Amino acid sequence: MKILTFVGQRSSGFLLLGLVIAASLPWLSSAAWPALPYLVALILGIAIAQINVFSRTSSRFDFRKLVVIFGIILANSIGFTFLLLMVWQAVGLPEHAIILLIIFAAAPPLSSAVSLSLIMGFNAQITLQITILSMLLTPIIGPICFALAGIDLDISLIELSVRSAAMIGGGFLIGFMIQKIVGRKRIDLHKDAFSGAAVIVLIIFLIPLFDGVLEQVIKAPLVTVFVLLLALVLNFGGNIAARQICRYVSSETTASAIGFMFGNRNISIYLAILPFDPLISLFIAVAQIPIYATPALFKKRSISINT
């Protein structure tokens with residue numbers, strides 16, 4: 001328990017360290033690849049276990065706020081998909097880039113978004129509500145985004161919906177089981193330890209994520225640079241842009257939370273669902289760099305849960 005607490009209290013540093021360690025273990029990535037869907041569900045489960053979903057999502061929750069949250073979710077996914085398609089046609093981006101952009105647009109916020117919002121001092125209340133609803137809507141919104149782009153995924157949209165629903169549903173089930181077995185009071189009492197457990201699972205999750213990535217980097221270094229720049233622009237650029245826009249209509253902590261969720265998405269669910277593609281694998285792997293760097297770069301000094 002002390003070790004987990006130690007890791008949880010220094011989560012930002014350990015996440016960056018874990019990224020380096022996972023990238024240096026390519027020989028283990030292939031063996032760990034079959035565990036990827038279960039790790040995605042486990043990460044979501046640990047995140048769900050640390051929050052009282054029903055009390056926090058129902059607290060001060062009215063119809064007007066529900067409409068606003070749905071609007072944010074639709075703007076971040078379907079609206080952003082339309083924007084990306086317009087840019088693609090206007091600028092003439094490479095065709096192989098559009099699937100990476102749509103994967104980003106179709107993905108919900110990180111499973112650990114609420115925990116990270118607390119760590120960084122953002123509005124965890126709005127983060128929780130948007131993240132939970134986004135997760136629940138992903139089996140519907142995801143296929144819609146891919147259908148709008150007209151991408152051939154070698155998998156039916158119905159199967160895509162069913163697989164994502166199974167993975168996300170499994171994560172919620174794991175979270176509720178942890179709450180039932182461990183108990184809410186004990187979880188609240190050992191928040192840092194649970195954060196440490198989440199960090200360790202996130203690091204383990206990176207190992208299969210880097211399967212075949214090193215070979216792709218050596219084989220196509222220019223493509224790797226392009227994909228890395230794309231991931232950085234989508235994450236940091238999207239984060240900052242969404243934050244600046246939201247500052248005109250919301251508080252600083254709420255704007256920061258929305259920007260954080262816009263730039264940091266759970267794109268790995270599609271790596272576990274879609275047929276293997278080395279370009280998608282490379283994109284999702286390098287996209288972890290800005291994701292794992294975000295807590296260290298954007299952390300605030302004060303913490304606010306209900307601002």
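How many of the nine residues of helix 17 (residues 278-286) are buried? Eight of the nine are buried, so helix 17 is largely enclosed by the rest of the structure. Here, buried means under 20% relative accessible area, exposed means over 50%, and partly exposed lies in between (1.4 Å probe, protein chains only). Helices (H or I, at least four residues) and strands (E, at least two) are DSSP runs, numbered from the N terminus.

The structure is a predicted model, in which local features need pLDDT of at least 70 and side-chain atom pairs count only at pLDDT 80 or more, while totals for chains, interfaces and linings use all residues. Residues are numbered from 1 along each chain as its sequence is written, and side-chain values use heavy atoms, with hydrogens and water left out.

The pLDDT is the predictor's confidence in each residue, from 0 to 100. For the protein chain the mean pLDDT is 84, and 93% of the residues reach 70 or more. Where pLDDT is low, the predicted coordinates should not be read in detail.

The buried residues of helix 17 are Leu279, Ile280, Ser281, Leu282, Phe283, Ile284, Ala285 and Val286. The elements that cover them include helix 7, helix 12, helix 13 (213-219), helix 14, helix 16 (268-273) and helix 18. In contrast to these residues, Trp27 is exposed, with a relative accessible area of 64%. Trp27 lies in helix 3 (residues 26-32). Its C-alpha atom is separated by 28 Å from that of Asp154, 127 residues apart along the chain.

Grid points are joined across faces, edges and corners, and a volume is the space filled by probe spheres set on the points.

The largest pocket has a volume of about 650 Å³. It is lined by 28 residues, of which Phe80, Gly238, Ala241, Ala242 and Phe262 are the closest to its centre. Two or more lining residues come from each of helix 6 (63-92), helix 7 (95-106), helix 14 and helix 15 (252-263). Helix 14 provides the largest share of this lining, eleven residues. By class, the lining of the largest pocket has 22 nonpolar, six polar and no charged residues. In this division Ala, Val, Leu, Ile, Met, Phe, Trp, Tyr, Cys and Pro count as nonpolar, Asp, Glu, Lys and Arg as charged, and the others, Gly among them, as polar.

The count of cavities of 30 Å³ or more comes to seven. The largest cavity has a volume of about 200 Å³, and 17 residues line it, with Leu110, Ser112, Leu202, Gln288 and Ile291 nearest its centre. At least two residues of this lining are supplied by each of helix 4 (36-49), helix 12 (191-209) and helix 18 (288-298). Helix 18 gives the most, with four residues. The lining of the largest cavity divides into eleven nonpolar, five polar and one charged residue.

The second largest cavity holds about 130 Å³ of space. Of its 15 lining residues, Asn76, Ala107, Pro108, Pro109 and Ser134 are the closest to the centre. Helix 6, helix 7 and helix 9 (124-149) each give two or more residues to this lining, which comprises ten nonpolar, four polar and one charged residue.

Two salt bridges are found in a search of the whole structure; a salt bridge is a side-chain nitrogen of Lys or Arg within 4 Å of a carboxyl oxygen of Asp or Glu. One joins the side chains of Glu159 and Arg163 (2.6 Å, N to O). Because Glu159 and Arg163 are four residues apart in helix 10 (residues 157-182), about one helical turn separates them. Glu159 is partly exposed, with a relative accessible area of 32%, and Arg163 is partly exposed at 35%. In the other salt bridge, the side chains of Glu252 and Arg247 meet (2.9 Å, N to O). Glu252 is partly exposed at 34%, and Arg247 is partly exposed at 36%.

Note on methods:
1 Å grid on protein atoms, 1.4 Å probe; cavity = no way out; pocket = protein on both sides within 12 Å on 5 of 7 lines; lining within 4 Å. Contact = heavy atoms within 4.5 Å.
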